[in-house]
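Let's take a walk through a protein together, going from the whole chain down to a single side chain. Have a look at the picture first, and then read on.

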Amino acid sequence: MEPQSSDLTGKLLIAMPGIGDPRFENAVVFMCAHSPEGAMGLMINKRSEEIAVADVLDQLEIRPSPDMRPLPVHFGGPVEIGRGFVLHSTDYDADHASMEVGDAYAMTASRDILRDMALGSGPAERILCLGYAGWGPGQLEGEIAQNGWLSCDAAPDIVFETPDAQKWEAALLSLGVSPALLSGDAGRA
């Protein structure tokens, strides 16, 4: 496990069994920002069952073209669930509205990226999330200390190519951790 003081920006958080919040059960969270002031991330493996991309585009009065590639909507987290965020590859910059997150990722929360994706352009790799996961100062560090989360490098193949239902296991395996060996019971020696 990484030291509590390390910056987790651009990493993946992997929810441990028994995290205590059903919204985060088996969650994989891409960390967009982490500092002493708090942390912000997007869950990248929980698809919304209630909302389709057509609903989002309709609400924003964006008409999709026939060239638009399929785009599922993910539950990004319980904060600001009506706000959209797109985690994407760095081949796209929405008029300087995109925030770079490390070398391989960017995050954009502007309507321009949705318009461009609806036209069949935009970033090559992308995940649309409604809402985000947020932590106040020291809150995430406390959850990590209580064995709520593991962290690993955010490999693009896990983030963008692995099916959502397999991302949790793939992230654990990238650390050499077998999901079958994890227990929801935290202990101290």
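A residue is called buried when its relative accessible area is under 20%, and exposed when that value is over 50%. Keep that cut-off in mind as you explore this model, which is predicted.

Begin with the whole protein chain. Its secondary structure consists of five helices and nine strands. Along its principal axes, the C-alpha trace spans about 60 × 30 × 25 Å.

The accessible surface comes to about 9,800 Å², and carbon and sulfur atoms account for 50% of that. The chain also carries 12 positive and 28 negative side chains, with the centres of the two sets 4 Å apart. Contacts tell you how the chain folds back on itself: among those between residues at least 6 apart in sequence, 67% join residues at least 24 apart.

Now zoom in on helix α5, which covers residues 164-174. Which residues of α5 are buried? They are Asp164, Lys167, Trp168, Ala171 and Leu172. These residues cover an arc of only 125° around the axis, which puts them on the same side of α5. The spacing makes sense when you recall a general rule: an α-helix has 3.6 residues a turn, so residues three or four places apart point the same way. What covers the buried residues of α5 includes strands β1, β2, β4, β8 and β9, together with helix α4. Just after α5 comes glycine 176, which takes a positive phi of about 80°.

Our last stop is tyrosine 105, in strand β7 (residues 105-108). Is tyrosine 105 buried or exposed? Its relative accessible area is 3%, so tyrosine 105 is buried. Leaving out residues up to four places away in sequence, its contacts include Phe30, Leu87, Met99, Pro156 and Phe160. Ala154 is another of the residues that tyrosine 105 touches. Although the two are 49 residues apart along the chain, the C-alpha atoms of tyrosine 105 and alanine 154 are separated by 9.4 Å.

Terms used: Residues numbered from 1 in each chain as written. Predicted model: local features only at pLDDT ≥ 70, side-chain atom pairs only at ≥ 80, totals over all residues. Heavy atoms only, no water. Helix = DSSP H or I, 4+ residues; strand = E, 2+ residues; numbered from the N terminus. Contact = heavy atoms within 4.5 Å. Areas by Shrake-Rupley, 256 points an atom, 1.4 Å probe, with all protein chains shown as cover. Lys, Arg positive; Asp, Glu negative; His and termini not counted. Charge placed at Lys NZ, Arg CZ, Asp CG, Glu CD. Buried < 20%, exposed > 50% of the residue type's maximum accessible area, 1.4 Å probe, protein only. Arc of directions from axis to C-beta.
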